[in-house]
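Colleague: I am new to this protein. Could we go through the structure together?

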Amino acid sequence: MTTAIDDPHRTGYAAEVVANSLLDCARAEGRQLTQMQVHKLVFIAHGFTLALLGRPLMYNTVHAWRNGPVVRRLWQHWGERGTRPIDAPLPVSPGEPDVTGDPEVMEVIRSVWNAYGSMDGVELSRLTHSRGSPWSQVYGQTGDLIPNEITREYYTGLARSA
């Protein structure tokens, strides 16, 4: 189990660390990602980590906003960046663990990248907005947090059907 240095009860990685790992995957192929792609890929990787490893990929919360699942912490970095590519890694707080030391998590991230990394933001948005998705179960209700349990159940079903 991975814990953030500042809170021994918090499990998972910082959203910036997860986003940077996906940006690294894109750079390794000579590609860039938009913030929409990164938000959706981070969420999908988080869902499959919950389903396959039984633990959260990140400790940051995911919100059901109009444009889909969003990690507020990432939104704070990019704001209204729109479709412009992300051109640099996100800053990470000192002491945050890196996912590269966690082979199980890296396997999930690479699998998500291989399966979904070629999709554009609109395609990824369609996936995360699909009927029955965690976003669709929460959006429009009181409170906008997407609970890990809903995400885990949904991605467990996807993993079983693959």
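Modeller: Leaving aside neighbours within four places in sequence, valine 42 is in contact (heavy atoms within 4.5 Å) with Val18, Ala19, Leu22, Leu57, Met58, Val71 and Leu74. Please note that this is a predicted model: local features need pLDDT of at least 70 and side-chain atom pairs count only at pLDDT 80 or more, while totals for chains, interfaces and linings use all residues. Residues are numbered from 1 along each chain as its sequence is written, and side-chain values use heavy atoms, with hydrogens and water left out.

Colleague: Which residues touch the most other members of the largest nonpolar core?

Modeller: They are Val38, Leu41, Val42, Leu74 and Val112, in a core of 42 residues. A nonpolar core is a set of buried Ala, Val, Leu, Ile, Met, Phe, Trp, Tyr and Cys residues joined through side-chain atoms within 4.5 Å. Buried means under 20% relative accessible area, exposed over 50% and partly exposed in between, with a 1.4 Å probe and protein chains only.

Colleague: Which elements each supply at least two residues of this core?

Modeller: Helices H1 (15-28), H2 (35-53), H3 (72-78), H4 (103-116), H6 (134-138) and H7 (148-161) do, and so does strand E3 (62-65). The largest share, 8 residues, comes from H1.

Colleague: How many helices and strands does the protein have?

Modeller: There are 7 helices and 4 strands, where helices (H or I, at least four residues) and strands (E, at least two) are DSSP runs numbered from the N terminus. From the N terminus on, the order is β-β-α-α-β-β-α-α-α-α-α.

Colleague: Changing topic, where does valine 99 lie?

Modeller: Valine 99 is in the loop between H3 and H4.

Colleague: Is valine 99 buried or exposed?

Modeller: Valine 99 is buried, as its relative accessible area is 0%. Not counting residues up to four places away in sequence, valine 99 touches Tyr13, Val17, Ser21, Val105, Met106 and Ile109.

Colleague: What about the overall dimensions?

Modeller: The C-alpha atoms fill a box of roughly 35 × 35 × 30 Å along the principal axes. The radius of gyration, taken over C-alpha atoms, is 15 Å, which agrees with the value near 15 Å for a compact globule of 162 residues. That globule rule is 2.2 Å times the number of residues to the power 0.38.

Colleague: What percentage of the residues count as buried?

Modeller: Of the 162 residues, 47% count as buried. Among contacts with a separation of 6 or more, 70% are between residues 24 or more positions apart.
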